[in-house]
Protein chains: 2
Amino acid sequence: MHAFDILGDPVRRRILELLTAGEMPAGDVVRSVGAEFGITQPAVSQHLKVLRESGFVRVRAAGTRRLYSLEAAPLRDVDDWLDPFRRFWAPRLDALATEIARGKKTRREDTTPTPHHDEEHP
Amino acid sequence: MHAFDILGDPVRRRILELLTAGEMPAGDVVRSVGAEFGITQPAVSQHLKVLRESGFVRVRAAGTRRLYSLEAAPLRDVDDWLDPFRRFWAPRLDALATEIARGKKTRREDTTPTPHHDEEHP
DNA sequence: GACTTATATCAAGCGACGCTTATATTAATG
DNA sequence: CATTAATATAAGCGTCGCTTGATATAAGTC
(Lines give C-alpha, C1' and ligand atoms only; values in the text may rest on other atoms or scores of the structure.)
Protein backbone atom coordinates (compact mmCIF):
# COMPACT_ATOMS: atom_id res chain seq x y z
CA MET A 1 0.00 0.00 0.00
CA HIS A 2 1.42 3.33 -1.05
CA ALA A 3 2.15 6.09 1.45
CA PHE A 4 -0.49 8.36 -0.01
CA ASP A 5 -3.13 5.67 0.35
CA ILE A 6 -2.30 5.53 4.02
CA LEU A 7 -2.59 9.28 4.38
CA GLY A 8 -5.81 9.30 2.42
CA ASP A 9 -7.74 8.43 5.55
CA PRO A 10 -8.53 11.32 7.92
CA VAL A 11 -8.48 9.10 10.99
CA ARG A 12 -4.98 7.94 10.19
CA ARG A 13 -3.81 11.46 9.55
CA ARG A 14 -5.20 12.49 12.90
CA ILE A 15 -3.46 9.61 14.64
CA LEU A 16 -0.16 10.69 13.16
CA GLU A 17 -0.77 14.24 14.28
CA LEU A 18 -1.49 13.00 17.77
CA LEU A 19 1.72 11.04 17.88
CA THR A 20 3.55 14.24 17.11
CA ALA A 21 3.27 14.95 20.82
CA GLY A 22 5.24 11.81 21.59
CA GLU A 23 4.70 8.18 22.41
CA MET A 24 1.12 7.30 23.34
CA PRO A 25 -0.73 4.15 24.44
CA ALA A 26 -3.30 2.72 22.02
CA GLY A 27 -6.04 3.38 24.55
CA ASP A 28 -5.39 7.10 24.49
CA VAL A 29 -5.50 7.13 20.74
CA VAL A 30 -8.74 5.21 20.82
CA ARG A 31 -10.36 7.65 23.21
CA SER A 32 -9.13 10.75 21.47
CA VAL A 33 -9.67 9.75 17.87
CA GLY A 34 -12.65 7.56 18.67
CA ALA A 35 -14.45 10.50 20.23
CA GLU A 36 -13.51 12.92 17.49
CA PHE A 37 -14.66 10.68 14.66
CA GLY A 38 -17.31 8.67 16.45
CA ILE A 39 -15.78 5.30 15.71
CA THR A 40 -15.22 2.24 17.89
CA GLN A 41 -12.11 0.74 19.44
CA PRO A 42 -11.68 -1.97 16.80
CA ALA A 43 -11.91 0.64 14.09
CA VAL A 44 -9.07 2.65 15.59
CA SER A 45 -7.11 -0.49 16.30
CA GLN A 46 -7.34 -1.45 12.66
CA HIS A 47 -6.06 1.92 11.59
CA LEU A 48 -3.17 1.48 13.97
CA LYS A 49 -2.50 -1.83 12.32
CA VAL A 50 -2.40 -0.24 8.89
CA LEU A 51 -0.04 2.44 10.15
CA ARG A 52 2.11 -0.22 11.74
CA GLU A 53 2.32 -2.41 8.67
CA SER A 54 3.06 0.52 6.43
CA GLY A 55 5.87 1.68 8.69
CA PHE A 56 4.34 5.00 9.75
CA VAL A 57 4.40 4.06 13.41
CA ARG A 58 6.29 1.78 15.75
CA VAL A 59 4.90 -0.11 18.74
CA ARG A 60 6.42 -1.05 22.03
CA ALA A 61 4.79 -3.26 24.65
CA ALA A 62 4.58 -2.07 28.23
CA GLY A 63 2.58 -4.58 30.20
CA THR A 64 -0.79 -4.81 28.62
CA ARG A 65 -0.32 -1.43 26.97
CA ARG A 66 0.94 -0.83 23.47
CA LEU A 67 2.87 2.39 23.16
CA TYR A 68 2.81 3.86 19.69
CA SER A 69 5.27 6.34 18.32
CA LEU A 70 5.96 8.03 15.02
CA GLU A 71 8.30 6.64 12.42
CA ALA A 72 9.71 9.35 10.20
CA ALA A 73 10.74 7.48 7.06
CA PRO A 74 7.44 7.16 5.18
CA LEU A 75 6.52 10.76 5.79
CA ARG A 76 9.91 11.73 4.61
CA ASP A 77 9.24 9.82 1.40
CA VAL A 78 6.14 11.89 0.91
CA ASP A 79 8.17 14.98 1.51
CA ASP A 80 10.62 13.79 -1.13
CA TRP A 81 7.84 13.14 -3.58
CA LEU A 82 6.81 16.74 -3.24
CA ASP A 83 10.23 17.91 -4.21
CA PRO A 84 9.80 18.30 -7.97
CA PHE A 85 6.77 20.45 -7.27
CA ARG A 86 8.31 22.85 -4.81
CA ARG A 87 9.67 25.09 -7.52
CA PHE A 88 6.08 25.95 -8.38
CA TRP A 89 5.68 27.93 -5.21
CA ALA A 90 9.12 28.28 -3.67
CA PRO A 91 10.39 31.79 -4.35
CA ARG A 92 13.36 30.55 -6.32
CA LEU A 93 16.79 31.58 -4.90
CA ASP A 94 16.06 29.56 -1.79
CA ALA A 95 16.97 26.42 -3.71
CA LEU A 96 20.13 26.35 -1.68
CA ALA A 97 18.31 26.97 1.57
CA THR A 98 15.98 24.10 0.78
CA GLU A 99 18.89 21.80 0.14
CA ILE A 100 20.35 22.66 3.48
CA ALA A 101 17.05 22.56 5.28
CA ARG A 102 16.00 19.20 4.00
CA GLY A 103 19.41 17.63 4.14
CA LYS A 104 19.41 16.67 0.53
CA LYS A 105 21.62 13.93 -0.80
CA THR A 106 22.44 15.28 -4.28
CA ARG A 107 19.63 15.97 -6.73
CA ARG A 108 19.11 18.83 -9.17
CA GLU A 109 21.83 20.34 -11.34
CA ASP A 110 19.89 23.59 -11.44
CA THR A 111 18.27 23.42 -14.86
CA THR A 112 16.36 26.62 -15.43
CA PRO A 113 12.98 25.96 -13.79
CA THR A 114 10.52 27.19 -16.43
CA PRO A 115 7.36 27.16 -14.31
CA HIS A 116 4.22 26.14 -16.13
CA HIS A 117 1.93 27.81 -18.66
CA ASP A 118 3.21 30.49 -20.96
CA GLU A 119 0.46 32.28 -22.82
CA GLU A 120 1.21 32.69 -26.50
CA HIS A 121 -2.11 31.93 -28.07
CA PRO A 122 -3.22 34.10 -31.09
CA MET B 1 -12.46 15.45 -1.39
CA HIS B 2 -9.31 15.92 0.64
CA ALA B 3 -5.98 16.57 -1.04
CA PHE B 4 -4.56 13.28 0.18
CA ASP B 5 -7.46 11.37 -1.32
CA ILE B 6 -6.60 12.91 -4.65
CA LEU B 7 -2.99 11.90 -4.33
CA GLY B 8 -3.98 8.42 -3.25
CA ASP B 9 -4.34 7.36 -6.86
CA PRO B 10 -1.11 6.50 -8.69
CA VAL B 11 -2.48 7.62 -12.04
CA ARG B 12 -3.23 11.06 -10.67
CA ARG B 13 0.18 11.30 -9.08
CA ARG B 14 1.76 10.44 -12.40
CA ILE B 15 -0.31 13.04 -14.20
CA LEU B 16 0.88 15.68 -11.79
CA GLU B 17 4.45 14.58 -12.30
CA LEU B 18 3.99 14.84 -16.04
CA LEU B 19 2.65 18.34 -15.77
CA THR B 20 5.80 19.27 -13.96
CA ALA B 21 7.33 19.60 -17.40
CA GLY B 22 4.82 22.28 -18.25
CA GLU B 23 1.46 22.68 -19.93
CA MET B 24 0.30 19.61 -21.83
CA PRO B 25 -2.76 18.69 -23.95
CA ALA B 26 -5.10 16.05 -22.55
CA GLY B 27 -4.29 13.78 -25.44
CA ASP B 28 -0.63 13.63 -24.51
CA VAL B 29 -1.53 12.79 -20.95
CA VAL B 30 -3.86 10.08 -22.19
CA ARG B 31 -1.20 8.51 -24.38
CA SER B 32 1.55 8.71 -21.81
CA VAL B 33 -0.36 7.68 -18.71
CA GLY B 34 -2.71 5.44 -20.61
CA ALA B 35 0.21 3.43 -21.95
CA GLU B 36 2.01 3.30 -18.64
CA PHE B 37 -1.00 2.08 -16.67
CA GLY B 38 -2.90 0.34 -19.39
CA ILE B 39 -6.08 2.33 -18.99
CA THR B 40 -8.41 3.93 -21.51
CA GLN B 41 -9.04 7.51 -22.55
CA PRO B 42 -12.20 7.96 -20.46
CA ALA B 43 -10.34 6.72 -17.42
CA VAL B 44 -7.64 9.32 -17.82
CA SER B 45 -10.19 11.98 -18.66
CA GLN B 46 -11.99 11.32 -15.42
CA HIS B 47 -8.82 11.55 -13.44
CA LEU B 48 -8.21 14.88 -15.10
CA LYS B 49 -11.68 15.89 -14.04
CA VAL B 50 -10.96 14.97 -10.45
CA LEU B 51 -7.72 16.92 -10.55
CA ARG B 52 -9.54 19.84 -12.08
CA GLU B 53 -12.33 19.91 -9.55
CA SER B 54 -9.95 19.56 -6.65
CA GLY B 55 -7.85 22.44 -7.92
CA PHE B 56 -4.68 20.50 -8.62
CA VAL B 57 -4.69 21.48 -12.27
CA ARG B 58 -6.00 24.20 -14.50
CA VAL B 59 -7.33 23.86 -18.05
CA ARG B 60 -7.20 26.14 -21.00
CA ALA B 61 -8.94 25.53 -24.30
CA ALA B 62 -6.97 25.79 -27.52
CA GLY B 63 -9.21 24.80 -30.38
CA THR B 64 -10.31 21.29 -29.74
CA ARG B 65 -7.40 20.73 -27.39
CA ARG B 66 -7.47 21.12 -23.64
CA LEU B 67 -4.17 22.25 -22.23
CA TYR B 68 -3.60 21.20 -18.65
CA SER B 69 -1.18 22.79 -16.26
CA LEU B 70 -0.26 22.45 -12.62
CA GLU B 71 -1.84 24.48 -9.89
CA ALA B 72 0.45 24.82 -6.90
CA ALA B 73 -1.94 25.57 -4.03
CA PRO B 74 -3.20 22.09 -3.10
CA LEU B 75 0.25 20.58 -3.19
CA ARG B 76 1.42 23.39 -1.05
CA ASP B 77 -1.29 22.50 1.44
CA VAL B 78 0.10 19.00 1.58
CA ASP B 79 3.52 20.44 2.11
CA ASP B 80 2.14 22.51 4.96
CA TRP B 81 0.49 19.48 6.52
CA LEU B 82 3.87 17.82 6.66
CA ASP B 83 5.29 20.68 8.60
CA PRO B 84 4.70 19.43 12.16
CA PHE B 85 6.44 16.22 11.20
CA ARG B 86 9.57 17.67 9.69
CA ARG B 87 11.30 17.97 13.02
CA PHE B 88 11.33 14.19 13.16
CA TRP B 89 13.91 14.00 10.45
CA ALA B 90 15.17 17.52 9.80
CA PRO B 91 18.61 17.87 11.40
CA ARG B 92 17.44 20.76 13.55
CA LEU B 93 19.41 24.03 13.08
CA ASP B 94 18.10 24.27 9.56
CA ALA B 95 14.82 25.47 10.99
CA LEU B 96 15.69 28.87 9.71
CA ALA B 97 16.80 27.58 6.35
CA THR B 98 13.54 25.73 6.03
CA GLU B 99 11.56 28.84 6.78
CA ILE B 100 13.39 30.71 4.11
CA ALA B 101 13.24 27.87 1.66
CA ARG B 102 9.57 27.24 2.01
CA GLY B 103 8.61 30.87 2.26
CA LYS B 104 6.74 30.53 5.52
CA LYS B 105 4.14 33.08 6.48
CA THR B 106 4.59 33.18 10.24
CA ARG B 107 4.03 29.98 12.18
CA ARG B 108 6.04 28.49 15.04
CA GLU B 109 7.30 30.53 17.98
CA ASP B 110 10.18 28.12 18.29
CA THR B 111 9.06 25.97 21.20
CA THR B 112 11.74 23.43 21.98
CA PRO B 113 10.96 20.48 19.70
CA THR B 114 11.02 17.49 22.09
CA PRO B 115 11.01 14.65 19.57
CA HIS B 116 8.89 11.65 20.46
CA HIS B 117 8.91 8.95 23.12
CA ASP B 118 10.14 9.67 26.63
CA GLU B 119 9.95 6.70 28.93
CA GLU B 120 8.73 7.58 32.41
CA HIS B 121 6.31 4.79 33.28
CA PRO B 122 6.35 3.53 36.95
C1' DG C 1 -22.34 19.89 -44.53
C1' DA C 2 -20.29 15.10 -43.93
C1' DC C 3 -16.32 13.28 -41.61
C1' DT C 4 -12.66 12.98 -38.52
C1' DT C 5 -10.20 14.32 -34.31
C1' DA C 6 -10.00 15.61 -29.44
C1' DT C 7 -12.13 15.29 -25.25
C1' DA C 8 -15.78 14.90 -21.98
C1' DT C 9 -19.72 12.48 -19.83
C1' DC C 10 -22.86 8.64 -18.60
C1' DA C 11 -24.24 4.21 -16.80
C1' DA C 12 -22.93 0.09 -14.82
C1' DG C 13 -19.89 -3.49 -12.71
C1' DC C 14 -16.54 -4.73 -9.59
C1' DG C 15 -13.39 -4.67 -5.99
C1' DA C 16 -11.38 -2.59 -2.09
C1' DC C 17 -11.76 -0.25 2.09
C1' DG C 18 -13.64 1.06 6.57
C1' DC C 19 -17.05 0.32 10.01
C1' DT C 20 -19.46 -2.70 13.26
C1' DT C 21 -20.35 -6.64 16.40
C1' DA C 22 -18.46 -10.50 18.46
C1' DT C 23 -14.60 -12.89 20.14
C1' DA C 24 -9.71 -14.03 21.15
C1' DT C 25 -5.36 -12.90 23.54
C1' DT C 26 -2.43 -11.47 27.05
C1' DA C 27 -1.24 -9.13 31.24
C1' DA C 28 -2.45 -7.25 35.77
C1' DT C 29 -4.96 -7.86 40.06
C1' DG C 30 -7.28 -9.68 44.03
C1' DC D 1 -6.98 -19.17 39.58
C1' DA D 2 -10.89 -16.28 38.32
C1' DT D 3 -11.78 -11.67 36.85
C1' DT D 4 -10.97 -7.39 34.75
C1' DA D 5 -8.45 -4.33 31.67
C1' DA D 6 -6.10 -3.36 27.25
C1' DT D 7 -5.73 -4.46 22.73
C1' DA D 8 -6.00 -7.27 18.69
C1' DT D 9 -8.38 -10.26 15.29
C1' DA D 10 -12.40 -12.23 12.65
C1' DA D 11 -16.42 -12.08 9.84
C1' DG D 12 -19.89 -9.55 7.45
C1' DC D 13 -21.69 -5.70 5.17
C1' DG D 14 -22.35 -1.15 2.88
C1' DT D 15 -20.19 2.33 0.37
C1' DC D 16 -17.38 4.51 -2.73
C1' DG D 17 -13.90 4.99 -6.28
C1' DC D 18 -11.92 3.12 -10.55
C1' DT D 19 -12.46 1.25 -15.01
C1' DT D 20 -14.84 0.13 -19.12
C1' DG D 21 -17.92 0.66 -23.19
C1' DA D 22 -20.93 3.57 -25.31
C1' DT D 23 -22.15 8.04 -26.46
C1' DA D 24 -22.23 13.17 -26.55
C1' DT D 25 -20.06 17.59 -27.76
C1' DA D 26 -17.39 20.58 -30.32
C1' DA D 27 -13.87 22.06 -33.32
C1' DG D 28 -11.11 21.46 -37.43
C1' DT D 29 -10.93 19.52 -42.45
C1' DC D 30 -12.21 18.48 -47.13
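Modeller: Before we start, helices (H or I, at least four residues) and strands (E, at least two) are DSSP runs, numbered from the N terminus. This is a predicted model, in which local features need pLDDT of at least 70 and side-chain atom pairs count only at pLDDT 80 or more, while totals for chains, interfaces and linings use all residues. Residues are numbered from 1 along each chain as its sequence is written, and chains are lettered from A and ligands numbered from 1 in the order in which they are written.

Biologist: In what order do the elements of chain A run from the N terminus on?

Modeller: Chain A holds 6 helices and 3 strands. Read from the N terminus on, these elements follow the order α-α-β-α-α-β-β-α-α.

Biologist: What percentage of the 122 residues in chain A is buried?

Modeller: A residue is called buried if 20 or more other C-beta atoms lie within 10 Å of its own, exposed if 12 or fewer, and partly exposed in between, with C-beta atoms placed from the backbone. Among the 122 residues in chain A, the buried share is 26%.

Biologist: Which element gives the largest share of the surface near DNA strand D?

Modeller: A residue is near a molecule or strand if its C-beta atom, placed from the backbone, lies within 6 Å of it, and 25 residues surround DNA strand D, the closest being A:Gly27, A:Pro42, B:Thr40, B:Pro42 and B:Gly63. Helix 3 (26-37), helix 4 and strand 3 (65-70) of chain A, together with helix 4 of chain B, each supply at least two residues of that surface. The largest share, 6 residues, comes from helix 4 of chain A.

Biologist: And which element gives the most to the surface near DNA strand C?

Modeller: Around DNA strand C there are 25 residues, of which A:Thr40, A:Pro42, A:Gly63, B:Gly27 and B:Pro42 come nearest. At least two residues of this surface are supplied by each of helix 4 (41-53) of chain A and helix 3 (26-37), helix 4 (41-53) and strand 3 (65-70) of chain B. The most, 6 residues, is given by helix 4 of chain B.

Biologist: How many charged residues are there in the surface near DNA strand C?

Modeller: Here Ala, Val, Leu, Ile, Met, Phe, Trp, Tyr, Cys and Pro count as nonpolar, Asp, Glu, Lys and Arg as charged, and the others, Gly among them, as polar. The surface near DNA strand C divides into 11 nonpolar and 10 polar residues, and the number of charged ones is 4.

Biologist: How many residues does the largest nonpolar core have?

Modeller: A nonpolar core is a set of buried Ala, Val, Leu, Ile, Met, Phe, Trp, Tyr and Cys residues joined through C-beta atoms within 7 Å. Those with the most contacts inside the largest core are A:Ile15, A:Leu19, A:Val29, B:Ile15, B:Leu19 and B:Val29. Residues are in contact if their C-beta atoms, placed from the backbone, lie within 7 Å, and B:Val29 touches B:Ile15, B:Leu18, B:Met24, B:Val44, B:Leu48 and B:Tyr68, not counting residues up to four places away in sequence. The number of residues in the largest core is 42.

Biologist: Within what arc do the buried residues of helix 5 of chain A fall?

Modeller: At 1.5 Å a residue, counted over one less than the number of residues, the 15 residues of helix 5 (residues 72-86) of chain A should span 21 Å, and its end C-alpha atoms are 20 Å apart, which agrees. The buried residues of this helix are A:Leu75, A:Val78, A:Asp79 and A:Arg86. Seen down the axis of helix 5 of chain A, with the arc taken from the directions from the helix axis to the C-beta atoms, they line one face of the helix, because they fall within an arc of 100°.

Biologist: Which residues of chain B does A:Leu75 touch?

Modeller: A:Leu75 lies in helix 5 of chain A, and this residue is buried because 22 other C-beta atoms are within 10 Å. Leaving out residues up to four places away in sequence, A:Leu75 touches B:Leu82 and B:Phe85.

Biologist: Is A:Asp83 buried or partly exposed?

Modeller: A:Asp83 has its place in helix 5 of chain A, and its C-alpha atom is separated by 34 Å from that of A:Pro25, 58 residues apart along the chain. Because A:Asp83 has 14 C-beta neighbours inside 10 Å, this residue counts as partly exposed.

Methods: Two residues are in contact if their C-beta atoms, placed from the backbone, lie within 7 Å.
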